[in-house]
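Here is a brief report on one protein chain. Please keep the sequence and the structure in view while reading.

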Amino acid sequence: MENIHKATELISSKLSKPVIIENKNFELISYSSSYEDFDQTQQKTILSKKCPVFIIDRLKKEGIVQQVEQQQSPIRIEPIEELGFQQRIMVGAKHLGFTMGYIWVQESSSYLSDEDMQFLQDVAPYLGKLIYDEYNRMNAKEGRREELLWKLLHHEYGSETSFRHEANMAMLTLPERFSVLVFSLSNPMKKGLFEQLFPLVHSFYGRPRVQYLRTEFQIILVVHGVAREEGSSTTLARELILEIKHGLTDEDFYSFMIGLGKEYRTLFDMRKSFLEALEVIETANFIEPRPETMPREFAKLGVYRYLATLYDKNSSEDYFSHDLLRLIKKDSESQSDLLHTLEVYLANNVKAKQTAQELFIHPNTLNYRLKQIVDLTDIDFSDFNMKSYLYTELLLINNVPAYYKRYKDAIQVKLN
C-alpha cells in the first residue's frame, strides 16, 4: 500500500488491536478508526494530535525511547495506570537508517503472539518509508513557501544564511518579530468547522501579515509583529482570536482549543513558539477547562503548566490534602459548595468582594462559607505557600474527573 492510513487499518485488522502511528516528534500521523477502545492516553493523542508531553518525558526518563531507537524489534511497555496508559507495544519505523516515527499497538485485553511481534518488526521499515513519503507529499502539495515554513517549525534546515537564501528565492517573507498561534479541534468529528474558520482567518490577511499552515485538525498561524514594537505580534494574535470569537457561535468557538506561543525575534525560536502553543493546547486537553478560566497564552499559563506533573506525582505517591478531603465530605453530606467557593476565593487572591460577585452570592453568605471552611480545616489564609498549594490541588480536583474521583474514593479510608 502507498497510503499510510490504509496501511494503519490493515495492521490493526491483522493484529485485532488499536494502532496509532506517530512521526519522530511524537505527532499523530494516523490511527485505526475501526477500533474505538483507545485508552486515555491514546484518546488525548488523537484529540491534540500529539502524544502528551508528560508521557514522552516518562518514557524517555525510563530509557524506553532510547531502547526503541537502538533496536529493530518491538518492545512491550508495562501499563502506567495513574496516567491512563495501558500496556502496549512500541516499535520504531525506520527508513534510510533514521527513525521516521513510531508504531503503537494497544495491548490491553490480550498479548500479541510471537508471530504478531515478528509481523510488526517486518512491517516497521515499510511504515518508515510511508511516513517519509507522506511527509514529502505534504510538502510538495503545500508549495515551496509552506514547505519552508514547516522546516522552520520543525528545525529541519541547515544554516540560517542558506535558509534565508531559499526563502528569498521562494519569495517567502520572514518575520522580524513573531508569535505562533494554533487552533486545534477538540472533536475530530467537527472538521466542518474549518469551513467557518477559514474565511475569518483569510479576512485578517488584508491587515498585518499572518502566514497560514494547515493540518487535518489544526490551523497554525505565524503572526508577524512590527520589528521595533515589543509585544506587537502577541497583540495582533489576541485581536485575531477575538475576531474569530465574534464571528462564530459560542458553541463553535469553544470547539477549538487555542494556544499562543511567546513572541520571539530569531528564526531559530519559531519552533519554540510553536511548541509553546501546542503545550497550551495539551494542557487544555488534559484539564478539560471551563472556557474562560484557562489561559490561552503560554506566557500566562503559570501553574497550569505543572498540573500534569503534579497529577502524576500525587497519584503515584497516593498523596491527598486532608483539608480538601474534609471539604469534599462536607459538600457531599450537606449539599454545600465549599470546595468551589474556596477555589474562587483563592483565584481572586482572597478578596471577598470580587469572590461574592463572581459566585453571585451575598457577602454575608460568603463570610459564612469561609467560616465553615476555617472551622473544618487547618487552612490559614495568611499563608501564601498554603494558598498556592491548595489552588493547584483545586484546579486538578475541579478540572480532572479522575483526580476528583481519587479524593471521593479516599474519604472513608483517609478520614477514619
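## Helix α8

Helix α8 covers residues 232-247, 16 residues in total. From first C-alpha to last, α8 reaches 23 Å. That is close to the 22 Å expected at 1.5 Å a residue. The model is predicted.

Part of α8 is hidden from solvent. Ser232, Ser233 and Thr234 are buried. Leu240 has a relative accessibility of 1%. That figure puts Leu240 in the buried class, because buried means under 20%. The C-alpha atom of Leu240 is separated by 41 Å from that of Glu69. Along the chain, Leu240 and Glu69 are 171 residues apart.

## Overall build

The secondary structure of the protein comes to 17 helices and nine strands. The radius of gyration is 24 Å, close to the 22 Å that the globule rule gives for 416 residues, so the protein is as compact as a globular protein of that length. Along its principal axes, the C-alpha trace spans about 70 × 60 × 35 Å.

Buried residues make up 52% of the 416 residues. Contacts between residues at least 6 apart in sequence were also sorted by separation: 63% of them join residues at least 24 apart.

## Surface and charge

The protein exposes about 20300 Å². Carbon and sulfur atoms supply 51% of that area.

The protein has 50 positive and 59 negative charges. The mean positions of the two sets are 3 Å apart.

## Leu59 in helix α3

Leu59 lies in helix α3, residues 53-61. Its relative accessibility is 1%, and Leu59 counts as buried. Beyond its neighbours within four places in sequence, Leu59 is in contact with Ile64, Val65, Gln66, Ile77 and Trp104.

Leu59 and Gln335 are 276 residues apart along the chain. Their C-alpha atoms are separated by 42 Å.

## Asn285 in helix α10

Helix α10 runs over residues 270-287 and holds Asn285. Is Asn285 buried or exposed? Asn285 is buried, because its relative accessible area is 12% and the cut-off for buried is under 20%.

Which residues does Asn285 contact, leaving aside its neighbours within four places in sequence? They are Lys44, Leu47, Ser48 and Met257.

Terms used: Residues numbered from 1 in each chain as written. Predicted model: local features only at pLDDT ≥ 70, side-chain atom pairs only at ≥ 80, totals over all residues. Heavy atoms only, no water. Helix = DSSP H or I, 4+ residues; strand = E, 2+ residues; numbered from the N terminus. Expected span 1.5 Å × (residues − 1). Buried < 20%, exposed > 50% of the residue type's maximum accessible area, 1.4 Å probe, protein only. Rg over C-alpha atoms; globule rule 2.2 N^0.38 Å. Contact = heavy atoms within 4.5 Å. Areas by Shrake-Rupley, 256 points an atom, 1.4 Å probe, with all protein chains shown as cover. Lys, Arg positive; Asp, Glu negative; His and termini not counted. Charge placed at Lys NZ, Arg CZ, Asp CG, Glu CD.
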